[in-house]
Amino acid sequence: MKPIPTAKLPCGERVPALGQGTWMMGEDRRRREAEIAALRLGLDLGMRLIDTAEMYADGGAEKVVGQAIAGRRDEVFLVSKVLPEHATRRGTIKACERSLKRLGTDRLDLYLLHWREEQVELGDVLEAFTALVRAGKIRHWAVSNFDIGDMQELVRLSGGKAVAANQVMYNLNRRGIERDLLPWCRRRRVPVMAYSPLDEGRLLRSRDLKRVAQKLEASPAQVALAWLVGQNNVIAIPKSASEAHVRENFAALDLRLGKDELAALDRAFPPPKRKLPLATT
Ligand code: NAP
C-alpha cells in the first residue's frame with residue numbers, strides 16, 4: 001500500500017488527507033451493495049477516513065458505513081455529525097449513541113456539530129462533547145460550516161481550543177475560505193476538511209479544468225483533488241459510490257501540480273481577494 005499524505009490534528013495525531021464522503025448513500029436499497037463495495041475498496045486502497053452524518057438518508061448512510069467497516073473498524077478514522085436540532089447537552093449524547101448503534105461501533109474518531117443554528121448553545125455542545133470524550137464514545141470533536149466569527153467565538157469558550165477541525169465547502173469553484181478562514185485555521189493548526197471537493201460533480205464539466213487535466217494526462221477529478229490534498233493541512237473527502245471513480249480519485253495522490261498548472265488553475269478559478277489586515281484572534 002502506498003503511503004497517503006496526512007493532515008495533522010492539533011493534538012499531533014495524523015489522519016489521511018484523502019478520505020471518503022457518504023452524502024446520498026443509504027437512500028436507495030438497490031444502490032447499497034455498490035456503495036458498500038466502493039467504501040470497502042477505498043479502505044483497501046488506504047482512504048481510511050470516512051465521513052458520514054446522522055442527517056444523511058436519516059441515518060441510512062451510517063448504516064451503509066456500518067456494513068462497509070464491519071470487521072475492520074480499527075482501520076478506519078470514522079467521522080460523524082450531530083444535527084443542530086439535537087445539539088443540546090443531553091441531545092448530543094443521545095444522538096451520538098444512536099449514530100454508534102447504526103455504525104455498529106463503540107466509538108467515533110471525530111464527532112462534528114454539523115452546522116450552527118441560532119438555538120444552539122455552543123457551551124452546551126462543548127460540555128456534551130467533553131462528556132463523550134471522557135466516556136470513550138468519541139476521540140475528538142470538531143465543527144462544520146463555521147465561519148471565522150464562529151471559530152473565534154468557539155475558541156474563547158472554556159475547552160473550545162480543543163476543536164480538532166472545521167469541515168467546510170472548499171473546492172476550485174468555491175475558494176471563499178481562502179479570504180480569512182483558511183489562514184486563521186492554518187495559524188491555529190486546525191485542519192480544514194474540504195467537503196464537496198468536486199463541487200458535487202459540477203467542477204468536472206469545467207473546460208479550463210479539463211484543459212489542465214489533459215496536459216497532465218490526468219482526469220479533471222484528479223486535478224481537483226490533487227489541488228486540495230497538495231495544500232498544507234487540508235483533508236479532501238470526495239464521495240463516490242463507483243469503484244472506478246474511487247480508483248480514479250485515489251490515483252490523484254500520484255499527481256503533482258507544478259507552478260505552471262497552479263497558475264493556470266488560479267487564472268481559471270481566481271482566489272478571493274484577501275481582506276487586510278487579517279483578524280488575529
Ligand atoms: P463531491 O464529493 O464533490 O461530489 C460527489 C459527486 O461526484 C457524486 O455525484 C459522485 O458520483 C461524483 N464523483 C466522485 N468521483 C468522481 C469521479 N472520479 N469522476 C466523476 N464523478 C465523480 O460532493 P459531496 O458528496 O457534496 O461532498 C463530499 C462529502 O462531503 C459528502 O459525501 C459528505 O460526506 C461531506 N459533506 C459535508 C457537508 C457538511 O455540511 N459538513 C456538506 C456536503 C458534503 P459517483 O458516486 O457516481 O462517483
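A polar contact here is a pair of N or O atoms within 3.5 Å. With that in hand, welcome to a predicted model, in which local features need pLDDT of at least 70, side-chain atom pairs count only at pLDDT 80 or more, and totals for chains, interfaces and linings use all residues. Residues are numbered from 1 along each chain as its sequence is written, and side-chain values use heavy atoms, with hydrogens and water left out.

**Contacts of the ligand**
- The side chain of Lys239 places an N or O atom 2.8 Å from an oxygen atom of the ligand.
- Asn249 has a side-chain N or O atom 2.8 Å from a ligand nitrogen, while a polar side-chain atom of Tyr56 lies 3.4 Å from a nitrogen atom of the ligand.
- The protein buries 84% of the 890 Å² that the ligand exposes when taken alone (Shrake-Rupley method, 1.4 Å probe).

**The shell around the ligand**
- Around the ligand are 27 residues (a heavy atom within 4 Å), and Asp51, Leu198, Lys239, Ser240 and His245 come nearest.
- Ten of the shell residues are nonpolar, eleven polar and six charged.
- Helix H9 (residues 243–250) gives the largest share of the shell, three residues (a DSSP run of H or I, at least four residues).

**The pocket**
- The ligand takes up the space of the largest pocket, which holds about 640 Å³.
- Its lining counts 30 residues, with Trp23, Ser196, Pro197, Glu200 and Lys239 nearest the centre.
- A pocket is an open set of points on a 1 Å grid where a 1.4 Å probe fits, with protein on both sides within 12 Å along at least five of seven lines; lining residues have an atom within 4 Å of a point.
- H9 gives the most to this lining, with three residues.

Key
Polar contact = N/O pair within 3.5 Å; in protein donor to acceptor, adjacent residues only side chain to side chain. Sits in = over half its atoms within 2 Å of the grid points. Helix = DSSP H or I, 4+ residues; strand = E, 2+ residues; numbered from the N terminus. Nonpolar A, V, L, I, M, F, W, Y, C, P; charged D, E, K, R; others polar. Points joined across faces, edges and corners; volume = space filled by probe spheres on them.
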